[in-house]
2 protein chains.
Amino acid sequence: MASKPINMSEFPENNPPTRILLGPGPSTVDPRVLRAMATPLLGHLDPKFVQLMDRTQELLRYVMQTENSLTIPISGTGSAAMEGSVANMVEDGVPVLVCVSGYFGLRLADMVGRYGGVLQTIQRPWGEVFSTSEIEEALKKHHSKVVVIVHAETSTGAKQPLQEIVKVVHEMNAIIIVDAVTSLGGIPFFTDEWDLDVVYSGSQKCLSCPPGMSPITLGPRAIEVLNNRKSLVKSWYLDLSSIQKYWGKDRTYHHTAPISAVYSFYEALRIVAEEGLENRWKRHRENAEMFWDGLEEIGLECQVPLENRLESLTTVKVPPGVDETIVRQRLLSEYNIEISGGLGELKGKVWRVGLMGYSSRKEYIVLLLAALRKLIK
Amino acid sequence: MASKPINMSEFPENNPPTRILLGPGPSTVDPRVLRAMATPLLGHLDPKFVQLMDRTQELLRYVMQTENSLTIPISGTGSAAMEGSVANMVEDGVPVLVCVSGYFGLRLADMVGRYGGVLQTIQRPWGEVFSTSEIEEALKKHHSKVVVIVHAETSTGAKQPLQEIVKVVHEMNAIIIVDAVTSLGGIPFFTDEWDLDVVYSGSQKCLSCPPGMSPITLGPRAIEVLNNRKSLVKSWYLDLSSIQKYWGKDRTYHHTAPISAVYSFYEALRIVAEEGLENRWKRHRENAEMFWDGLEEIGLECQVPLENRLESLTTVKVPPGVDETIVRQRLLSEYNIEISGGLGELKGKVWRVGLMGYSSRKEYIVLLLAALRKLIK
């Protein structure tokens, strides 16, 4: 039997244009991280790789501000850790309250259903945040055992205050899962101080690492839930009771870790730690404010009021009479700048601009504002 | 609130020793692929990235020898595509026959249970292969709708003939899922000619790409099963009905693709296509034979008889009186060569040597044989 041939001229070397990534992720990756990925591979059970896994976990604990033992990057993009949180904390018949005020709340609700949870939702218009009393009321009504909430909604640019809500959730004997995909490494976030039970994030936002690793951490209450499950976790790949044996002391083989992705993640975490979290948060805040001021100067408005506005991702209202897709296309083709359009309820109404990690830079902001000014004329 | 500090001196730059990877995977990655990974990132919805996705799919169709439209790399390591196959083809109450003659058959059986399938297994001692009549008999008894079988068992080094079995499976109105993790790109494999329904593989074996992408393809019968499911796929991340909309014409956002991993995978597939499948298969065969002859010369025996012996992964019997772990440790520390020990039933009894993709090279084989000769004295 002979194989069917292929014409190689249709498959040239991949030499893409160099983009400035100011959308909702991936953000621009630091050249140091790109170089780290080109390092020749160790085997996934090599003692040198195991040492690197330990160091990666320790750096991740710093970035997540936690001492949780089960703190690891899951081998997949942000959605994998999102699903991992639900898959491990939810089983058939468990009442789960999902707070929906954007696209990712909706996705979480979808996942809860797939994992057999009894789905309860509270809703807010996209871009708004939830009050503690709303959540308290819903918990009293539904007796939910798990509450799922998004800290930084990538689809709306709203920032959800968490500390008061967490207290109420725990008073009602429930646990809380927090989506920190667009906040971790960009804005103040304290897993232990805030007493969070499950936190997950992505590598390609404020950590400025290529997508492919998604950090997750489980606190003591979540570990108890995991250990007291009545059924196996439905997903083998995302079963933390097995994965933790590979990342933990046992080093029991689970799946082959994506070696190069771990290399990139380690280097990205090193960069965060070198800058220091406080400095990094301050930089994100100052650059965001500079951007918001600049938007005002060129006559553009933000979708989210200042008090709940996220530093790492800004939703900008599309002015009347402007075709938002043409502006984005021209930014890309003429300036090599990527920003994004709205999702769901905000489709066609906003642009989404991410100033995350390496992409939170003065020179990018000045350039984007200058280009936008020309294109919305 | 102030963040807890970290001592950077504990987190030096990652500069691992350069290993020669002759274990069961990852195999050594071609420097071209390492360089490709260091390419700056495009956004995951950038038209240039979408073009690269198309090209990657087309190359993957060549490597898998298929014209199946749904032919994509899943964003995860090999186990993710393994689970994806089960998750999409199995739902509550579906009778599934899993053929177990090694570690990965056992893992598949575990997954089938998690996805609600009625698990039926047939077993063979590790290292042996199944006959067509055994499978026919089991199908008649169990009326299975799905048969799952491993083409190349990474844990045993046995190669399962498939063509006759596939005919029987289809005559009994079942579909077949084939694990080609350790065969794809290394030994003859024809998805369409062999009339296979679902095939999945990994990137880090005979394709010599870093782990993190796992190819999967679905033929017409499998697409029908997918379209006629009564329930949602339990895993959101692995739901092919959604993923195919992102990789297909719709380009509907599902999850953020691991951009750099796609870059590496595209380059690895280009290298396979440049060499040509026939040449590549021939190289793997010739190098394997050279290795087997060399083993005989130094007094070592293969675990699997020649007729079912896999070219890409050889299980070598540990001779009496030799401590297999010490040999492996010395190979690693003195020669920078990684080989692996046995799994499960073969633990302590064999070494596993992978000659896969870039690692299937004359110079590596000569070196390994010379080193082994010294170490088993």
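Copies are superposed by least squares on the C-alpha atoms of residues with pLDDT of at least 70 in both. In this predicted model, local features need pLDDT of at least 70 and side-chain atom pairs count only at pLDDT 80 or more, while totals for chains, interfaces and linings use all residues. Residues are numbered from 1 along each chain as its sequence is written, with chains lettered from A in the order in which they are written.

**Symmetry**
- Chain A is superposed on chain B by a rotation of 180° with 0.0 Å of shift along its axis, at an RMSD of 0.0 Å.
- That is therefore the relation of a two-fold axis.
- Both copies use the same surface, since 100% of the contact residues of chain A recur in chain B.

**Interface**
- In total, 73 residues of chain A are in contact (C-beta atoms, placed from the backbone, within 7 Å) with 73 residues of chain B.
- Helices (DSSP runs of H or I, at least four residues, numbered from the N terminus) that each supply at least two residues of the chain A side include α2 (47–64) and α10 (277–297).
- The most comes from α9(A), with nine residues.

**Helix pair in chain B**
- The axes (lines fitted to C-alpha atoms over the stretch in contact) of α2 (residues 47–64) and α9 (residues 259–275) of chain B come within 9 Å and cross at roughly 40°.
- α2(B) is therefore oblique to α9(B); angles under 35 degrees count as roughly parallel, over 145 as roughly antiparallel, 65 to 115 as roughly perpendicular and the rest as oblique.
- Contact residues include F49(B) and L52(B) of α2(B), and I259(B) and V262(B) of α9(B).

Technical notes
Axes are lines fitted to C-alpha atoms, for helices over the stretch in contact, and angles run from 0 to 180 degrees between N-to-C directions. Two residues are in contact if their C-beta atoms, placed from the backbone, lie within 7 Å.
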